[in-house]
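These notes are meant to be read beside the sequence and the model.

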Amino acid sequence: MEQAIEARELTKSYPPDVRALDGLSLTVPAGTIFGLLGPNGAGKSTTVRVLTTLSRPDGGRAFVAGIDVLAEPTRVRHAIGVVGQKHGASPEATGRENLELQGELYGIHGKELRQRVEESLARFGLAHAASRQVRTYSGGMQRRLDVAMGLLHRPRVLFLDEPTTGLDPEARSEMWREVQRLAAEERMSILLTTHYMEEADTLASEIAIIDRGRIVVQGTPATLKSYLQGDGIAVELANGTHARARAALARVADVDDVRVDGHTLRARARDGAAAIPAVLAALEAHGVGATSVTLARPSLDEVYLRYAGRAFSHTQDETEQTAHEHEEVPA
Amino acid sequence: MSAIHQTWQVYLRNIRFLRRQPAYLGMTLFQPIIWLLLFGALFEAVAHIPGFHGSYIDYLTPGVVVMLALFSAGWTGMGFIEDIKGGVMDRLLASPVWRGSLNAGVVAYAGVTILLQTLVIVFLALALGADYKGGVGGVLVMLLGAALLGAAFASLSNGVGVLARERETLIGAVTFVQLPLTFLSAALMQRSLLPHWMQTASKFNPVNWAVEAGRAAAMQKIDWSVVGPRIGLLAALALVCAGFATWAFSRYQRSL
């Protein structure tokens, strides 16, 4: 298996006219953690659904673990583990029962199954709670159980759809360590979707940014950051029109890539610290007031902003408003 | 083989919930007692209407067996709505499990509920003086008819639940169907005493098939000319409904 995932020109629309995937192509090398980043509605979940056989694309082809997703979905299901955005465990059943049912559905039985379940409970720190109903678990415990269930049949490719959304910081870093261990020790291929830049930066060896149903850029976090020359400058505008702010900056040397996003003016400068006084002076000369200025070293947020064309913090606000899982799918 | 095994696993999952909720299990077993006593007292006078033959408890017992099958099997789809909302459904569908066994396991669970409730009624009615002229075999055929009807409605409920994905829609659909189907049958009232149009409608009513089959099997010397075709129709209906439910799962998946 050279490529863990290979998707070519995937398209999918939802009625009436939502184009969730618009010619998405993606290659995930085996043994890597691959981060798929994008705002809600960008097509992350749809991509995961297509690759995990939960949904069929309208066009294009996809191979997971070398198996054709459309032609042999059952074989793909045996080869993959899926940890969805929502909890997959039955709350009324105990942790052990959930794991056992999961194993049975994948064709693992008897002694082999019991052994794997106990190993898995121990490894994910759930042994003490194994006989308790899952409804009594904390969020972090439920998430660990979800991952344990996704791994029980030893998949070759693991899909983690926003695995740390809703977790407290401690549970999140615990999850990060586990994901890193899986990739390092078990050479598992992992596709991870996330809203958190920091998460992608920490975990993923390669990142793709998805927007409006297609991949807009792909590379290692370091490569992506190196595409951004210089620093980002963000100015909160007190007043003034966008046009005037743009006009003001057009005359400042060494500042380019000027964009206005709501009340925030963004630009790039080779040496940000040196450019700020000139930027502020130019704005003032054009009668545009500034309430604050921030300087940002190249970060994934900046990369995201550049390629997804919107500020990440902005899309994240929208995320928090839509608690519903099918945010990419209008009801 | 693996389809049967998977069905068994899905069944076990459901039966565990029943075990874990003693209050629910208690109500499930108590309900038949209430129904038989309540309807027995309420409709006892029916036996005095000219044109009614035999004892009312003999008449009522198969009716209540079938009604309970209909009323308890109708709600199985609620479990799948919970599964969809909770994320369990996606996990199941991402696994290599055969879609048909998701439905079949729940249908088997509904069958066990129907078996338990029928046993309660059969013994209570016996204590109240019911005369099972069809013997143990006849009672088993009555149970079979009720179970097939229950299987059909459990599948329908699962299919509608998975397609609608909303509790309210399923509740509306189930309550819309249950009482009219009961009263368009000979469950509580002798068919010849129903208005003419209702007699005609009852010929096409699966609830009536199960009631008439149960009555002709358990409460008299088994009349296979009545029982055979009705059990056959119920079995066919159960299969068609299972097909519908299995289709609904793939329909649900395509809509994702």
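1. L38(B) is found in helix α2 of chain B, residues 22–42. Helices (H or I, at least four residues) and strands (E, at least two) are DSSP runs, numbered from the N terminus. L38(B) is exposed, having 11 other C-beta atoms within 10 Å. A residue is buried if 20 or more other C-beta atoms lie within 10 Å of its own, exposed if 12 or fewer, and partly exposed in between, with C-beta atoms placed from the backbone. Between the C-alpha atoms of L38(B) and C241(B), which are 203 residues apart along the chain, the separation is 32 Å.

2. On the source: this is a predicted model, in which local features need pLDDT of at least 70 and side-chain atom pairs count only at pLDDT 80 or more, while totals for chains, interfaces and linings use all residues. Residues are numbered from 1 along each chain as its sequence is written, and chains are lettered from A and ligands numbered from 1 in the order in which they are written.

3. Chain A holds twelve helices and 14 strands. Its C-alpha atoms fill a box of roughly 80 × 45 × 40 Å along the principal axes. Of the 331 residues in chain A, 45% are buried. Among contacts in chain A between residues at least 6 apart in sequence, 70% join residues at least 24 apart; two residues are in contact if their C-beta atoms, placed from the backbone, lie within 7 Å.

4. Some backbone details of chain A deserve a look. The peptide bond from P15(A) to P16(A) is cis, with omega near 0 degrees, and P16(A) sits in the loop between β1 (3–14) and β2 (18–29) of chain A. A65(A) is not a glycine, yet has a positive phi of about 55 degrees. A65(A) belongs to the loop between β4 (59–64) and β5 (67–68) of chain A and is buried, with 20 other C-beta atoms within 10 Å. R154(A), also not a glycine, has a positive phi of about 50 degrees. R154(A) lies in the loop between α5 (139–151) and β7 (157–161) of chain A and is exposed, with 12 other C-beta atoms within 10 Å.

5. How do α3 and α8 of chain B pack? Helix α3 (residues 56–73) and helix α8 (residues 167–183) of chain B meet at an angle of about 170 degrees, with their axes 10 Å apart. Axes are lines fitted to C-alpha atoms, for helices over the stretch in contact, and angles run from 0 to 180 degrees between N-to-C directions. α3(B) and α8(B) are therefore roughly antiparallel to each other, a label given to angles over 145 degrees. M67(B), L70(B) and F71(B) in α3(B) meet Q178(B), L181(B) and T182(B) in α8(B). The residues of this contact divide into four nonpolar, two polar and no charged. Here Ala, Val, Leu, Ile, Met, Phe, Trp, Tyr, Cys and Pro count as nonpolar, Asp, Glu, Lys and Arg as charged, and the others, Gly among them, as polar.

6. The largest nonpolar core has 149 residues, of which V64(A), I190(A), V66(B), A69(B), A146(B), L149(B) and A152(B) touch the most other members. A nonpolar core is a set of buried Ala, Val, Leu, Ile, Met, Phe, Trp, Tyr and Cys residues joined through C-beta atoms within 7 Å. Helix α7 (residues 135–164) of chain B gives the largest share of this core, 15 residues. Apart from this core lies another, of 14 residues, among them A245(A) and L283(A).

7. α7(B) is mostly covered, with 23 of its 30 residues buried. After α7(B) comes R165(B), whose phi is positive, near 65 degrees.

8. The contact between the chains takes 20 residues from chain B and 24 residues from chain A. On the side of chain B that touches chain A, α1 (2–20), α5 (88–94) and α11 (224–254) of chain B each supply at least two residues. The largest share, seven residues, comes from α1(B). This side of chain B divides into seven nonpolar, seven polar and six charged residues.

Conventions
Parallel < 35°, antiparallel > 145°, perpendicular 65-115°, else oblique.
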